Amino acid sequence: MTERSPFLDLAGAVDLADVGVPSHYGNPLGEQRALAEGAAIVDLSDRAVLTIQGPDRLSWLNSLTSQALTGLQPGESSETLLLDVTGRVEHAVRLIDDGETLWMLVDRPEAAGLLGWLDSMRFMLRVELADRSADLATIGTLADPPLPIAAPNGVPLIWRDPWHAVTPGGHQYAQGEHPGAGWTWSERLVPRDALPSLVARVLSGELASAGTLAADALRIAAWRPRFSTEVDERTIPHELDWLRTAVHLSKGCYRGQETVAKVHNLGHPPRRLVMLHLDGSEGVHPQPGAAVSLDGQEVGAVTSVALHYELGPIALAVVKRSTRPDATLTVEADGTNVAAAQEIVVPPEAGAEAHVPRLPRLGAVTRTPRA
């Protein structure tokens with residue numbers, strides 16, 4: 001468990017996940033509405049903040065991960081993935097560069113492993129790594145509230161989620177109107193010792209606070225994958241439509257690039273992300289990890305679940321590519337099979353984007369059909 005946040009001293013605060021920050025304050029649906037309307041902030045101070053300093057920081061991370069980073073400008077936001085040699089996702093990193101330091105925002109369980117691996121890859125390059133989580137805390141919001149944003153090198157440390165559009169060099173598998181188009185999420189770094197003053201502003205009515213459950217429900221509705229929920233040991237970026245913002249398809253070589261290119265150009269991802277609209281009539285809701293089935297056969301698993309203030313019970317799930325897109329699925333919840341209608345995020349035909357023509361076999365004879 002991480003350091004206990006002073007936001008837990010607010011009335012009604014409940015930490016369901018035992019991570020040191022409020023899951024809700026007694027009114028999750030009302031908190032969702034306030035957050036969606038830009039009237040609330042979310043305490044994410046359980047998350048980690050890492051840094052890379054040195055003149056080689058951007059070119060070095062660019063050589064190791066999936067996004068093109070050498071042109072990242074001070075104050076610009078990005079995200080990148082660290083893949084293994086087979087293209088499976090090992091880490092997802094949110095990035096801000098301030099001209100002197102590259103700031104990496106990650107979920108707390110990722111921090112030690114990511115920092116250790118990067119440290120092992122420094123060799124003779126001019127880079128220095130550090131964990132700044134004890135100094136800086138993350139605040140999430142869908143608006144632009146006045147906060148004491150840290151700016152150690154004169155650039156406010158605000159990570160603006162690129163999920164609202166396809167980034168240069170990326171590719172979107174989702175078809176039609178994308179719910180992420182209105183996703184204005186940002187994560188702002190504030191001095192950790194400023195958290196009590198933010199709590200005081202909430203108590204005075206100057207700010208409103210929403211729990212992490214509210215943020216998660218809106219994230220699910222935006223089809224936005226998160227490393228700590230949607231990723232397992234088999235995940236490749238294509239399955240979550242993460243080529244949209246975290247992968248540059250024409251950058252130089254990096255670990256896992258061959259799989260990324262091969263699946264995108266010639267194959268299909270073996271699984272695909274869907275959003276599920278759950279039948280709430282039984283009054284039970286599945287938990288992350290719950291089995292998703294079709295005609296009695298397990299085809300996937302729930303990764304995130306929430307009660308949305310407008311959509312009702314919803315979930316993200318990863319299912320087999322062959323699962324029929326028009327099929328009504330069932331999800332296990334407390335021994336009950338809950339009906340789940342799919343909203344397609346990654347379609348079954350995702351991949352094979354190059355449309356490479358089939359070449360005739362060398363020496364083959366082309367025969368003209370008889371009349």
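Residues are numbered from 1 along each chain as its sequence is written. In this predicted model, local features need pLDDT of at least 70 and side-chain atom pairs count only at pLDDT 80 or more, while totals for chains, interfaces and linings use all residues; side-chain values use heavy atoms, with hydrogens and water left out.

The predictor's confidence in each residue is given as pLDDT, from 0 to 100. The chain has a mean pLDDT of 93, and 94% of its residues reach 70 or more. Residues 354-371 have pLDDT below 50. Beyond near neighbours in sequence, this stretch makes three contacts in the model, a contact being heavy atoms within 4.5 Å.

Helix α2 covers residues 57-64; helices (H or I, at least four residues) and strands (E, at least two) are DSSP runs numbered from the N terminus. Because six of its eight residues are buried, α2 is largely enclosed by the rest of the structure. Buried means under 20% relative accessible area, exposed over 50%, and partly exposed in between, with a 1.4 Å probe and protein chains only. The buried residues of α2 are R57, L58, W60, L61, N62 and L64. Their cover includes the strands β2 (48-53), β3, β4 (89-97), β5 (101-106) and β6 (128-131), together with helix α3.

Rolling a probe the size of a water molecule over the atoms shows where empty space is left. On a 1 Å grid over the protein atoms alone, a cavity is a set of points where a 1.4 Å probe fits but cannot get out, and lining residues have an atom within 4 Å of a point. Grid points are joined across faces, edges and corners, and a volume is the space filled by probe spheres set on the points. The count is one cavity of 30 Å³ or more, and the largest cavity holds about 30 Å³ of space. Its lining consists of L61, T65, T80, L82, V93, M104, L114 and L118. Two or more of these residues come from each of β3 (77-83) and α3 (108-120).

Two residues other than glycine have a positive phi. W223 has a phi of about 65° and lies in the loop between α5 (212-221) and α6 (227-230). W223 counts as buried because its relative accessibility is 3%. For D295, phi is near 55°, and D295 is placed in the loop between β12 (291-294) and β13 (297-308). D295 counts as exposed, at 67% relative accessibility.

Methods:
1 Å grid on protein atoms, 1.4 Å probe; cavity = no way out; pocket = protein on both sides within 12 Å on 5 of 7 lines; lining within 4 Å.
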